[in-house]
Number of protein chains: 2
Amino acid sequence: MRGNRVMDTVLRMEQLQKLDRNSYAPRYAQLVRILQGRIASGELRPGDRLPSEAQLCKQHRVSPMTVRRAINILSQLGIVVTSQGRGTFVNSIQFWAATFCLDGLQHVLEDEKGTTVKILEASIRLADERVAGELAIRTGQRTIYIRRLIYSQAKPFIYHREYVIYDPKRPIVESEMNVTSLKGLFERVGDSTLKRSTLTIEATVLKEEEAELLESPVQAPAFRLEHIFYDFDDRPVSWGWFICPGDRLRFTTVVGIRDEELRRR
Amino acid sequence: MRGNRVMDTVLRMEQLQKLDRNSYAPRYAQLVRILQGRIASGELRPGDRLPSEAQLCKQHRVSPMTVRRAINILSQLGIVVTSQGRGTFVNSIQFWAATFCLDGLQHVLEDEKGTTVKILEASIRLADERVAGELAIRTGQRTIYIRRLIYSQAKPFIYHREYVIYDPKRPIVESEMNVTSLKGLFERVGDSTLKRSTLTIEATVLKEEEAELLESPVQAPAFRLEHIFYDFDDRPVSWGWFICPGDRLRFTTVVGIRDEELRRR
DNA sequence: AAGTGGTCTAGACCACTAT
DNA sequence: TAGTGGTCTAGACCACTTT
């Protein structure tokens with residue numbers, strides 16, 4: 001099937017796909033699209049070896065670094081895999097390599113006008129075993145317990161609870177109170193800048209209090225997004241979780257060859 | 001705070017962090033770690049400008065391409081943002097840029113011994129409106145309806161249902177039947193190789209049939225992972241969904257500066 | 001030994017931003 | 001105008017795999 005004359009002609013034609021040297025699109029990006037096209041068309045199938053980098057250099061009259069870059073991008077997209085000394089191969093679709101982004105939340109987070117944050121409670125609580133464990137402090141130590149309700153388009157959208165380490169030197173509460181945009185919420189806790197955060201997504205159902213606040217039925221499916229924020233000394237400063245009804249949030253992605261325009265990178 | 005003498009000394013000391021030119025670690029990777037360290041230590045804070053690429057070249061005695069590569073990696077990690085003509089800046093933690101990977105499933109998918117797939121049903125069904133819509137066919141057209149139960153360590157783990165377009169020319173059913181490893185399931189439908197797939201994650205609760213098969217309580221929280229597979233002609237060939245109880249699956253990620261070893265890329 | 005991908009150099013030109 | 005990031009060249013050397 002691969003070795004007949006018709007196929008060879010197709011191959012030759014495809015290889016003639018040329019770079020447009022006057023285009024504003026960078027050459028590496030054009031090369032990515034050309035190779036993607038050869039894979040998408042079925043000309044190069046999973047397991048097949050791509051032309052070597054030296055061959056691609058000659059064929060498209062570009063330097064090795066440019067070819068390298070194109071192949072790196074395809075590799076990061078999971079479309080090809082490289083193997084030193086052997087070659088570059090078309091990958092079969094890697095289902096579990098699919099990545100989901102929280103950008104479903106982004107439009108909400110960035111919509112300053114449509115999003116409001118209401119603080120339901122902010123009080124001192126002594127850490128129980130669970131809280132102490134998550135925040136790496138001793139039980140009985142003081143924390144600030146905060147409950148927030150986040151509205152999108154005037155409707156309750158997310159319910160957030162968190163425990164923040166209480167540090168008498170830093171008046172966290174006041175600055176936390178001033179957070180009315182959700183976006184600012186994640187950039188800093190109190191006046192300390194955050195270094196990193198661990199996030200976990202779980203499936204859950206709404207409990208009574210949650211359902212009431214979120215104006216949804218009890219037992220309705222929901223996402224639970226748990227977080228721990230760390231400061232620049234690698235100490236946890238905040239542990240909490242967001243609850244969002246399942247009918248208001250979903251995560252979507254595409255794995256394999258996308259036909260969209262290649263994004264700038 | 002930034003302009004005093006102590007800080008300047010710290011800055012000078014940090015800048016003396018040198019590349020180990022005998023190390024097996026590539027220079028761009030070492031440079032990434034050095035810059036990450038300067039950010040992680042709080043020396044460079046969100047909003048600060050990094051030294052220009054030319055300066056980094058001189059400081060670390062490497063070529064522009066090597067600096068470029070290091071900064072590209074930091075940029076892809078979301079740790080810095082670049083702006084042509086202005087400079088490269090330390091990013092504040094981008095909560096919504098968090099990406100979750102299905103690799104929580106990977107160990108299950110790749111564990112050939114511990115994972116088995118049992119086919120509960122495979123029958124011809126005429127497409128109703130919903131199925132026809134998803135698969136872009138006419139209502140009443142034939143599809144193959146397949147129900148599978150995936151076991152991990154001899155316990156039911158995931159329940160899968162899908163509709164596959166029926167093509168008399170391709171004996172899909174037999175080859176579908178032979179799929180006993182979950183891994184093979186996603187690489188091909190019948191004998192056609194897959195080009196891409198769209199995936200959506202939703203929160204749901206177990207219905208009666210699902211609960212019984214998965215040996216979990218009815219109404220228990222669960223993830224619903226819906227998929228459409230496309231062939232190389234961009235036509236949908238399969239629409240279906242996986243149901244997995246919430247207590248057996250979670251998605252975790254880290255956003256911001258990780259302290260792990262820098263992975264090869 | 002020959003071919004492959006992985007890293008790196010020392011420049012170049014360009015587009016964009018700030019002054 | 002000077003400085004910045006973005007792209008690109010035409011080579012080089014190395015580690016690895018296959019023959």
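Trainee: Which residue is the bridge partner of A:Ile150 in β6(A)?
Mentor: In β6(A) the bridge partner of A:Ile150 is A:Ile158, and here helices (H or I, at least four residues) and strands (E, at least two) are DSSP runs, numbered from the N terminus. Before going on, note that this is a predicted model, in which local features need pLDDT of at least 70, side-chain atom pairs count only at pLDDT 80 or more, and totals for chains, interfaces and linings use all residues. Residues are numbered from 1 along each chain as its sequence is written, while chains are lettered from A and ligands numbered from 1 in the order in which they are written.

Trainee: How many bridges join β5(A) to β6(A)?
Mentor: These two strands run antiparallel and are joined by 10 bridges; two strands are said to pair if DSSP finds at least two bridges between them.

Trainee: And what about β6(A) and β10(A), how many bridges there?
Mentor: β6(A) pairs with β10 (residues 236–245) of chain A in the antiparallel sense over six bridges, and A:Arg161 has A:Trp241 as its bridge partner in β10(A).

Trainee: Why is β6(A) called largely enclosed by the rest of the structure?
Mentor: Because eight of its 11 residues are buried, where buried means that 20 or more other C-beta atoms lie within 10 Å of the residue's own, exposed means 12 or fewer, partly exposed is in between, and C-beta atoms are placed from the backbone.

Trainee: What does A:Gln153 do in the hairpin of β5(A) and β6(A)?
Mentor: That hairpin has two residues between the strands, and A:Gln153 takes a positive phi near 55 degrees there, although A:Gln153 is not a glycine. A:Gln153 lies in the loop between β5 (142–152) and β6 (155–165) of chain A.

Trainee: Is A:Gln153 buried or exposed?
Mentor: A:Gln153 is exposed, with 11 other C-beta atoms within 10 Å. In chain B, B:Arg61 also has a positive phi of about 55 degrees without being a glycine; B:Arg61 sits in the loop between α3 (53–60) and α4 (64–76) and is exposed, with 12 other C-beta atoms within 10 Å.

Trainee: New topic: how many residues of chain B are in contact with chain A?
Mentor: 49 residues of chain B are in contact with 48 residues of chain A, contact meaning that the C-beta atoms of two residues, placed from the backbone, lie within 7 Å. β8(B) gives the most to the side of chain B that touches chain A, with 13 residues.

Trainee: Which strands pair across the two chains, say with β3(B)?
Mentor: β3 (residues 99–101) of chain A pairs with β3(B) in the antiparallel sense over three bridges, and B:Phe100 in β3(B) is the bridge partner of A:Phe100.

Trainee: What rotation superposes chain B on chain A?
Mentor: A rotation of 180 degrees with 0.0 Å of shift along its axis does so, with an RMSD of 0.0 Å, the copies being superposed by least squares on the C-alpha atoms of residues with pLDDT of at least 70 in both. The two copies are therefore related as by a two-fold rotation axis. Of the residues of chain B, B:Phe100 comes closest to that axis, at 2.5 Å (C-alpha).

Trainee: Last one: how many residues surround DNA strand D, and which are the closest?
Mentor: DNA strand D is surrounded by 23 residues, the closest being A:Arg27, A:Ser63, A:Gly85, B:Ser52 and B:Gly85; a residue is near a strand or molecule if its C-beta atom, placed from the backbone, lies within 6 Å of it.
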